[in-house]
Amino acid sequence: MENKYIKKYNIEFLISCVLPDVNGIWGVSGMYPFLFFYHYKKGIIFSRVIPNCNTVQQLFMFQGIYKNDCYVFLIPNNESDIVVYNIKTDSFTRIALKDPCPNMFRGCVCIKDDLICIPFRYDYYVSIDVQTLKVKYICQWKCNDYDYTNGYTVKGNNIYTVMPKSNKVFCYDIEKGKAIIKEVGDKDSSYTSICGSNENVILYDNHRKSINVLDSSLEKICKSMIIDKEAVALHSGYSGDIIVDDVLTDEWDVFSKELMVIKKDDYEGNNINESREGMTLYKFGCWFNNYNEKVCCVDKYNHLYEFNRDMSYTCREISMSAEMWRDIIDTNYKTNCPQKLYKENQFWKLTEFLNLIELREDLNHSRS
């Protein structure tokens with residue numbers, strides 16, 4: 001009876017960032033202020049509501065996550081602070097950043113003890129010492145008309161990002177703390193996604209709707225193929241393969257480094273008609289390599305895929321119990337949203353507010 005009930009109220013919490021662990025994954029919801037650990041064999045065994053998430057724009061609050069022995073670091077996108085969860089004391093602290101803005105960071109990468117936050121629209125590259133929690137503003141990167149980036153890849157000692165509506169690739173040298181801008185291809189190109197796959201760097205040109213493989217200088221295109229998709233996110237696969245995830249549909253494709261089609265597929269989707277739909281049109285997955293370096297992905301519908309070399313896969317559902325969901329909702333009411341649940345914004349629209357009230361009442365009745 002309980003399983004049927006959980007399926008009826010399956011929640012699409014749209015994972016926005018993932019960190020692999022030997023036994024599972026740490027994740028953050030892109031819809032709710034919700035940090036969790038999913039154990040491969042036991043399901044969700046840890047969950048916490050992130051306190052004081054008072055931003056009006058609550059979609060994709062965090063888009064970077066890193067963990068060491070003491071802390072879990074959450075890097076803000078539509079939040080304004082870096083949030084740090086202390087594993088030993090089971091508590092959250094916040095690190096305020098100067099001049100916050102919407103769409104702060106794309107993600108993060110840790111080099112030695114420095115966790116580098118990679119900007120989306122924020123003015124600076126920021127580093128956090130993961131031992132002392134001290135913050136440094138290490139590079140002010142904006143110039144001319146280029147004020148935001150759209151994706152990144154890390155290769156060697158460099159972080160590469162693309163600047164939409166241009167043929168520019170922004171290169172930040174981590175060791176030297178310096179940045180340069182490279183022009184790649186024609187001036188009317190508009191690069192909107194980037195990934196590194198083995199020795200290659202690949203760009204998506206939204207103007208030409210094409211995948212482009214760069215040469216070793218990262219200044220010339222050596223292979224190109226039109227795929228005619230409106231918006232994509234690129235990810236690295238096995239042996240130089242390129243994963244092309246359609247942002248607006250459930251489709252994803254895999255190409256070899258020679259740009260030959262290896263696989264075309266769709267996310268399995270949610271076939272439960274009565275489930276609560278996530279409030280976003282985006283349908284891309286959260287791709288990553290697990291602890292054993294296998295390519296993995298979590299889709300919008302809470303399915304975890306683990307891919308083999310031929311891109312066949314096993315799939316399991318990341319589900320939560322009705323009791324856990326009620327605890328999240330109740331904690332949300334108490335710590336985060338008592339006033340915002342009565343004010344419509346990008347996340348808490350009136351219909352969703354009414355649905356949550358209905359769900360909370362249903363959950364209470366099910367326990368009585």
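Author: A residue is called buried when its relative accessible area is under 20%, exposed when over 50%, and partly exposed in between, with a 1.4 Å probe and protein chains only. This is a predicted model, in which local features need pLDDT of at least 70 and side-chain atom pairs count only at pLDDT 80 or more, while totals for chains, interfaces and linings use all residues. Residues are numbered from 1 along each chain as its sequence is written, and side-chain values use heavy atoms, with hydrogens and water left out.

Reader: What makes the rings of Tyr 124 and Tyr 137 a pair, and why is the pair called edge-to-face?

Author: The structure holds 23 aromatic pairs, counted for rings of Phe, Tyr and Trp (its six-membered ring) whose centres lie within 6.5 Å, with planes under 30 degrees apart called stacked, over 60 edge-to-face and the rest tilted. The ring centres of Tyr 124 and Tyr 137 are 5.3 Å apart and their planes stand at 70°, so the pair is edge-to-face. It links distant parts of the chain, with Tyr 124 in strand β11 and Tyr 137 in strand β12, 13 residues apart (strands are DSSP runs of E with at least two residues, helices runs of H or I with at least four, numbered from the N terminus).

Reader: How do you know whether Tyr 124 is buried or exposed, and what is Tyr 137 called?

Author: Tyr 124 has 15% relative accessibility, which is under 20%, and therefore counts as buried. Tyr 137, at 32%, falls between 20% and 50% and so counts as partly exposed.

Reader: What kind of aromatic pair do Trp 287 and Phe 307 form?

Author: Trp 287 and Phe 307 form a stacked pair, as their centres are 5.2 Å apart and the angle of 20° between the planes is under 30 degrees. Here too distant parts of the chain are linked, namely strand β25 with Trp 287 and strand β27 with Phe 307, 20 residues apart. Trp 287 is buried at 11%, and Phe 307 is buried at 1%. Both residues belong to one aromatic cluster, formed by Trp 252, Tyr 267, Trp 287, Tyr 305, Phe 307 and Tyr 313.

Reader: What makes Asp 90 and Arg 48 a salt bridge?

Author: A salt bridge is a side-chain nitrogen of Lys or Arg within 4 Å of a carboxyl oxygen of Asp or Glu, and the N to O distance between Arg 48 and Asp 90 is 2.9 Å. Asp 90 lies in the loop between β7 and β8 and Arg 48 in strand β4, so the pair ties together parts that are 42 residues apart in sequence. By the rule for salt bridges the count comes to 15.

Reader: How do you know that Asp 81 forms a salt bridge with Arg 94?

Author: The closest N and O atoms of Asp 81 and Arg 94 are 3.1 Å apart, which is within 4 Å. Asp 81 lies in strand β7 and Arg 94 in strand β8, so the pair ties together parts 13 residues apart in sequence. Asp 81 is buried at 15% relative accessibility, whereas Arg 94 is partly exposed at 28%.

Reader: Why is Asp 186 called partly exposed, and which residue is its salt-bridge partner?

Author: Asp 186 forms a salt bridge with Arg 208, the closest N and O atoms being 3.0 Å apart. Asp 186 has a relative accessible area of 46%, between 20% and 50%, and is therefore partly exposed, while Arg 208, at 30%, is also partly exposed. Elsewhere, salt bridges that share partners join Lys 229, Asp 246, Glu 251, Asp 253 and Lys 264 into one network.
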